[in-house]
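Dear colleague,

Please find below the sequence and the structure that I am handing over to you. My account of what was found follows directly after them.

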Amino acid sequence: MLDLTKQLKELKKLKNNLEKKDEILIVSDLDDTIFCRKEQLEDNELLRNNRWADWIRVILEQIWIENFIEKYYKWKSFPKTITDKMISWKDLILTAWEINLQTSKIKALNLENINHSIVWDWEKKPFELVRYVVEDLAYIPSKIIIYEDRPEYFIENKRLIEDFLWTTLEIILVEMIDNNSEAQIKRVA
Ligand SMILES: [Mg+2]
């Protein structure tokens, strides 16, 4: 496991100089939070059988990013439950996996105008969230709302992030059925 406390030390000096604003920051995951992967998993056996460890390799080497994006992302509709709440210059799409793949998805879904950060694995999301606030946003919002279909890393580090930033974290679990229905959302922490 990554030692978040240790990582946060490098941001401490910068953080201490930041202004606090009475404002909400929305941070949302992409896959299965904004856009549901059910269709691609049902449609393609290769994807279905390589859902986790080999997912990236299968897309990069067997399906190709261009084909994958063209078929499953371009011109696709999806529920705007979360994205409609987001303000492009301030709020953040925080997604994990391969950078070209995730960037291509964001472009194809027309979400490019919203700030986005891509990290290699899920474990790195809590640090990237704090880094984004301290270095890019450059002020401390009074509340951060996180939308995630896999919120465990944020739940685990909630207190640590709150104490470091002197803010409140609200963690929302998102469960998508498909891209035609509103997602189910539930506050979990
Ligand atoms: Mg996800």
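A helix, as the word is used here, is a DSSP run of at least four residues, and helices are numbered from the N terminus. Lys13 lies in one such run, helix H2, which covers residues 12-16. Please bear in mind throughout that this is a predicted model.

Lys13 is exposed, because 9 other C-beta atoms lie within 10 Å and a residue with 12 or fewer counts as exposed. Lys13 and Arg159 are separated by 146 residues in sequence and by 20 Å in space, C-alpha to C-alpha.

The sheet

The model contains an open sheet of six strands in the order E3-E2-E1-E4-E5-E6, and the pairing is mixed. At the edges stand strand E3 (115-119) and strand E6 (184-187); each has a single partner strand, so one side of each has no neighbour in the sheet. From one strand to the next, the twist averages 25 degrees.

- E2 and E3 run parallel and are joined by five bridges; Leu92 has Asn115 in E3 as its bridge partner.
- E1 and E2 run parallel and are joined by two bridges; Val27 has Leu92 in E2 as its bridge partner.
- E1 and E4 pair in the parallel sense over seven bridges, and Lys20 stands opposite Ile140 in E4.
- E4 and E5 run parallel and are joined by six bridges; Lys143 stands opposite Thr168 in E5, and Ile144 stands opposite Leu169 in E5.

Strand E2 deserves a separate remark. Five of its five residues are buried. In a regular strand, side chains alternate between the two faces of the sheet. In E2, Leu92, Leu94 and Ala96 point one way, Ile93 and Thr95 point the other way, and all are buried.

Helices on the sheet

Which residues of helix H10 (residues 158-165) are buried? They are Ile161, Phe164 and Leu165. These residues lie on the same side of H10, because they cover an arc of only 85 degrees around the axis. The face of H10 turned away from the buried side carries the exposed residues Arg159 and Asp163. The cover over the buried residues of H10 includes helix H1 (4-8), helix H8 (125-137), strand E4 (140-148) and strand E5 (168-175).

Two packed helices are described by the angle between their axes and the distance between the axes. For H8 and H10, the angle is about 15 degrees and the axes are 11 Å apart. The two helices are therefore roughly parallel to each other, and H8 passes H10 in a right-handed crossing. On the H8 side, Pro126, Leu129, Val130 and Val133 meet Ile161, Phe164 and Leu165 of H10.

Residues with positive phi

I also draw your attention to some backbone angles. Just after H10, Trp166 takes a positive phi of about 55 degrees.

Trp64 has a phi near 80 degrees, which is a positive value in a residue other than glycine. Trp64 is placed in the loop between helix H5 (55-63) and helix H6 (65-72). Is Trp64 buried or exposed? Trp64 is exposed, because 11 other C-beta atoms lie within 10 Å.

Asn110, likewise a residue other than glycine, has a positive phi, near 60 degrees. Asn110 is placed in the loop between H7 and E3. Asn110 counts as exposed because it has 11 C-beta neighbours inside 10 Å.

With kind regards

Terms used: Residues are numbered from 1 along each chain as its sequence is written. This is a predicted model: local features need pLDDT of at least 70, side-chain atom pairs count only at pLDDT 80 or more; totals for chains, interfaces and linings use all residues. A residue is buried if 20 or more other C-beta atoms lie within 10 Å of its own, exposed if 12 or fewer, and partly exposed in between; C-beta atoms are placed from the backbone. The arc is that of the directions from the helix axis to the C-beta atoms. Two residues are in contact if their C-beta atoms, placed from the backbone, lie within 7 Å. Two strands pair if DSSP finds at least two bridges between them. Axes are lines fitted to C-alpha atoms, for helices over the stretch in contact, and angles run from 0 to 180 degrees between N-to-C directions. Angles under 35 degrees count as roughly parallel, over 145 as roughly antiparallel, 65 to 115 as roughly perpendicular and the rest as oblique. A crossing is left-handed if the near helix is turned anticlockwise from the far one by less than a right angle, and right-handed if clockwise.
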